[in-house]
Amino acid sequence: MIGIAPEIATEETLKAPEYFGQYGDLTKVVVNTNNVYNATRGGPSYSAYLTFSHPRESAIAILVIIN
């Protein structure tokens, strides 16, 4: 996922029920703060790799994000 605001770019926050934790059990979250996206337009953002325990949970999260 790309476009994560710096304020929520932590493993604990992304796993929270208010964010991606609502879609299922996250077994691994890796936040990449080494590459900054949109630094000149709209403010900085980061990327993260999210691993859910079941493929169906991943699919649900993807569908919610793209719609």
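**Reading the core and the pocket**

Biologist: Which residues make up the largest nonpolar core here?

Modeller: Keep in mind that this is a predicted model. A nonpolar core is a set of buried residues such as Ala, Val and Leu, joined through side-chain atoms. In this structure the largest one has 11 residues: I4, A9, L14, F20, Y23, L26, V29, Y46, A48, F52 and A61.

Biologist: And which elements give two or more residues to this core?

Modeller: Those are β2 (26-37) and β3 (45-52). The largest share, three residues, comes from β3.

Biologist: Can we pick one core member? What is V29 in contact with?

Modeller: Skip the neighbours within four places in sequence, and V29 is in contact with E11, L14, K15, Y49 and L50.

Biologist: Now S47. Where is it found, and is it buried or exposed?

Modeller: S47 is found in strand β3. Buried means under 20% relative accessible area. S47 has 4%, so it counts as buried. Leaving out residues up to four places away in sequence, S47 touches M1, I2, I4, V30, V31, N32 and Y37.

Biologist: How do I read the largest pocket? Which residues line it?

Modeller: Look at the space first, then at who lines it. About 190 Å³ lies in the largest pocket. Its lining is M1, F20, A48, Y49, L50, F52, S58, A61, I62, I65 and I66. Both β3 and α2 (55-66) give two or more residues to that lining, and α2 has the largest share, with five.

Biologist: How many nonpolar, polar and charged residues does the lining have?

Modeller: By class, 10 are nonpolar, one is polar and none is charged.

How values were computed
Residues numbered from 1 in each chain as written. Predicted model: local features only at pLDDT ≥ 70, side-chain atom pairs only at ≥ 80, totals over all residues. Heavy atoms only, no water. Core = buried A, V, L, I, M, F, W, Y, C linked by side-chain atoms within 4.5 Å. Buried < 20%, exposed > 50% of the residue type's maximum accessible area, 1.4 Å probe, protein only. Helix = DSSP H or I, 4+ residues; strand = E, 2+ residues; numbered from the N terminus. Contact = heavy atoms within 4.5 Å. 1 Å grid on protein atoms, 1.4 Å probe; cavity = no way out; pocket = protein on both sides within 12 Å on 5 of 7 lines; lining within 4 Å. Points joined across faces, edges and corners; volume = space filled by probe spheres on them. Nonpolar A, V, L, I, M, F, W, Y, C, P; charged D, E, K, R; others polar.
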